[in-house]
Amino acid sequence: MPSSVHSYGVLADPNDPLLDLALDLQWAWNHSSDEIWGFISPDLWALTHNPWFVLQTASTTQLDAVHQDPEFQQRLQTTLSRRRNIYESPTWFATTHPNSPLTSVAYFSMEYALSEALPIYSGGLGNVAGDQLKSASDLGVPVTAIGLLYQRGYFRQVLDDQGNQRALYPYNDPTQLPISPVRNPSGEWVRVLVHLPSCTLILRAWQARCGRVKLYLLDSNDPANSPASRGITSELYGAGLELRLQQEIALGIGGWRLLSALGIHPQVCHLNEGHAALAVLERAAAFRAATHQPFPVALSVTRAGNLFTTHTPVPAGFDIFPPDLIRHYFTRYAEEQLGIPIDAMLQLGQNSAPDFNMAHLAIRGSGAINAVSRLHATVSRTLFQPIFPRWPKEEVPIHHVTNGVHVPTWDAPQADDLWTEVCGRGRWRGTQEGLCDRFRTVSDPQIWAMRGRIRNDLVHEVRRRLTLQSATCPLHTRSVLDPNVLTLGFARRFAAYKRPNLLLHNQDRLARILTNHDRPVQIVVAGKAHPNDAHGQSLLRNWIDFTNRPDVQGRAVFLADYDLDLAQFLVQGVDVWINTPRRPWEACGTSGMKILVNGGLNLSELDGWWAEAYTPEIGWALGDGDEHGDDPAWDAAEADHLYRILETEIIPAFYTRDWNGIPSSWVAKIRESMARLTPQFSSNRSVREYTENYYLPAANAYLRRAEATGSLGAAIVRWREILDAGWDKIRLAKCEIDSSEQSHHFRLHVYCDEIPIDAIHIELYADPLFPGDQPFRLVMEPCRELTGITGGYCFDATVPNNRPADHYSPRVVPYHPDAAIPLEAGHICWLTE
């Protein structure tokens, strides 16, 4: 067949469908094309799992040969046909919301974990972003993603002869990544400009296709930039405050400018953490430039279409910059692009401290905020309560969408086969309705046979990896692990709050558990410690030392360089996934969700997602549901509890077999966990929640405010100015209460001065009666004006006598039918003030 040179130097026909297939990252979860790449170069495919690299490395002779092979052509055509069917089939979004005004969601994240072939992630945040993009593609949600292309991703871990971690940073050669330059209609590479204090930064645009979703990546490594500027995107989460700020400028400001340059005009902007908070300023600046509205109006209009997802449970997780650094970088931007003084911009990110907090900017520039689990929402309301002074913690406007994982990315082939047999091929691309009931019909032998095959695959993969990791494996790898033994998994970032060494609290006891002759146990451990975290590295070294003990060799292994590829094998093959964070410091956690589809069970602290998922029928729990700080005595008690669960519950359940050799009680737990939790904690569910609970309302709110060049946004600004001017003059007085057996009747005098009565609500408020309940709120009705007093009114309300009258507190809060309270107006006045 004729050959020509592709723009990257790939020797292939530019119309060859393999090019299109290799640049569509759907292969990261739709494995129907795996055989194709293995057919071209089995060794290279096994080493890289990067179709684009396989294709580029192949010679024209190889490509010509495979194209002439009938078996290859049959596989290729089958793959292309299946892919075509997926893309041409009606999607959930198009079917469920056919007349929706939502046409574009801009999704901003600092990192994405889509495939090891595109290593621009470090951990949980990137995993969540990557899985959400994949589900957005599956469901047809119109998402366009924005990120950065790093010259070096997160570090790769190697262990020296003494078991110490070394950090390596391989170069991300763009020509070897499954991405392509973004070009305008004339063929010119799309570049956006961002003014920095010392230069104009040029950012090149790249595109990664993730099924139906496009991910645009910005890269500062343009030869026209200075050496310092070229290094801005040199590595993920670069060291130093100034470099971090430059990266966030590139992401937020550069990212929104790229969307404009491409003619993409999103109704919704989703900020996946505060790193991208500067996008709210650039979005407002763009609206201001288009409509000539002042910045407060532009922000009022655009914030309605912004969603901020917070992922951190501790203040230390926020990006905070000194005010002088912000002044240095943004004085000109604030004056020229926003039309406000720099002090006004600083106030958007400040609270009681002078430092500029990106999370605070995101809150003040968004129309909604969500945490990533139910418990994390409670924690976040405490963290952000100072932004809403005098408001009850329960009313701090943070809700939650619990994270989920993209099931097709993490399921083993054997699990996929079983789910397909029972629930159909397109089960993760729709509503998931009926999946639970259907999977509960699966028999014990089917489940147990699947688990045996997957565990066997894990054992062989561990042995293969240990062969390459010989420095930490003195035994011959063939004696490592047993495919018939209960297998525990523990893999995560080695940080103190994750308590990775809780299981090592009594090493001799753990060794006895592992080496029991009649009921042996084995454990596979993996994880990285940040290169600057000496304590984390010492925790990691403790595990390596333990696995080198002569009495546990072959039963405990540590695998180096924990990444997406290794994670897939672990979450597929382990029987029990152990997670021991210090509550409530794990915002959600998703590693334990990834085992669900494969029939693994969780033994976890009641933190993050497990706090809302756990019941005794589907796994095991550590902790009492309370917070204990870093109390060593509590850690010791929990370690003892962990050992006892293993000794008295998990191990006996696994090894108690019926006449067919099946542990029926264990399989019952697997079946219920798979049926109930797999759909519930999938990114299919979380993306549908984001779409229906946030994206659609945000799109409608933004479009209403943007009409007539922002007239509603301007009206909301005027309403807020009226509140600002007169709020201090509001008074509540003369509250009378008449109680009977059935009710309490409240009468209240309110003095509003010049604030219109329709700009506020007078309410009765009562705290929740029970934890987890919502507070009681009732709008009081005006019954008459007070004689001779301007702005004076009498209000009354009647409530049931199911609690004491002194539980209720009258208050005044802002009211506007199109505003989010207290997010957009945090004023509040209580009777006692």
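Arginine 451 is buried, with a relative accessible area of 0%; buried means under 20% relative accessible area, exposed over 50% and partly exposed in between (1.4 Å probe, protein chains only). This is a predicted model, in which local features need pLDDT of at least 70, side-chain atom pairs count only at pLDDT 80 or more, and totals for chains, interfaces and linings use all residues. Residues are numbered from 1 along each chain as its sequence is written, and side-chain values use heavy atoms, with hydrogens and water left out.

- Arginine 451 sits in helix H20 (residues 444-468). Helices (H or I, at least four residues) and strands (E, at least two) are DSSP runs, numbered from the N terminus.
- A polar atom of the arginine 451 side chain lies 3.0 Å from the backbone oxygen of glutamine 572. A polar contact is a pair of N or O atoms within 3.5 Å; within protein, one must be able to donate a hydrogen and the other to accept it, and residues adjacent in sequence count only if both atoms are side-chain atoms.
- Not counting residues up to four places away in sequence, arginine 451 touches Gln572, Gly573, Val574, Asp575, Asn598, Gly599, Gly600 and Ile670. Contact means heavy atoms within 4.5 Å.
- Gln572 and Gly573 are among the buried residues of H23.
- Helix H23 (residues 564-573) is largely enclosed by the rest of the structure, because nine of its ten residues are buried.
- At the start of H23, a side-chain oxygen of aspartate 563 comes to within 3.2 Å of the backbone nitrogen of aspartate 565.

**Helix H6**

- Helix H6 (residues 70-88) has 19 residues and should span 27 Å at 1.5 Å a residue; its end C-alpha atoms are 26 Å apart, which agrees. The expected span is 1.5 Å times one less than the number of residues.
- Phe72, Leu76, Thr79, Leu80, Arg83 and Ile86 are buried in H6.
- These residues cover an arc of only 120° around the axis, so they lie on the same side of H6. The arc is that of the directions from the helix axis to the C-beta atoms.
- Pro70, Gln74 and Glu88 are exposed on the other side of H6.
- The cover over the buried residues of H6 includes helix H1 (17-22), helix H2 (34-40), helix H5 (60-67) and strand S9 (199-210).
- A side-chain oxygen of aspartate 69 reaches to within 2.8 Å of the backbone nitrogen of glutamate 71 at the start of H6.

**The S8-S9 hairpin**

- S8 and S9 form a hairpin with two residues between them.
- Six bridges join these antiparallel strands, S8 and S9. Two strands pair if DSSP finds at least two bridges between them.
- Side chains alternate along strand S8 (residues 191-196).
- Leucine 193 stands opposite isoleucine 202 in S9.

**Two open sheets**

- Four bridges link S27 to the antiparallel strand S28 (residues 792-800). Proline 782 has phenylalanine 795 in S28 as its bridge partner.
- Another open sheet of four strands runs in the order S26-S25-S29-S30, again with antiparallel pairing.
- Strands S26 (776-779) and S30 (829-830) are at the edges with a single partner strand each, so one side of each is left without a neighbour in the sheet.
- S30 pairs with strand S29 (residues 809-814) in the antiparallel sense over two bridges. Arginine 811 has tryptophan 830 in S30 as its bridge partner.

**Histidine 827**

- Histidine 827 lies in the loop between S29 and S30. Its relative accessibility is 14%, so histidine 827 counts as buried.
- The side chains of histidine 827 and aspartate 724 make a polar contact (2.7 Å).
- Not counting residues up to four places away in sequence, histidine 827 touches several residues, including Trp391, Arg720, Trp727 and Val812.

**Phenylalanine 287**

- Phenylalanine 287 is in helix H11 (residues 278-291). Phenylalanine 287 counts as buried, at 9% relative accessibility.
- Leaving aside neighbours within four places in sequence, its contacts include His292, Tyr702, Ala706 and Gly710.
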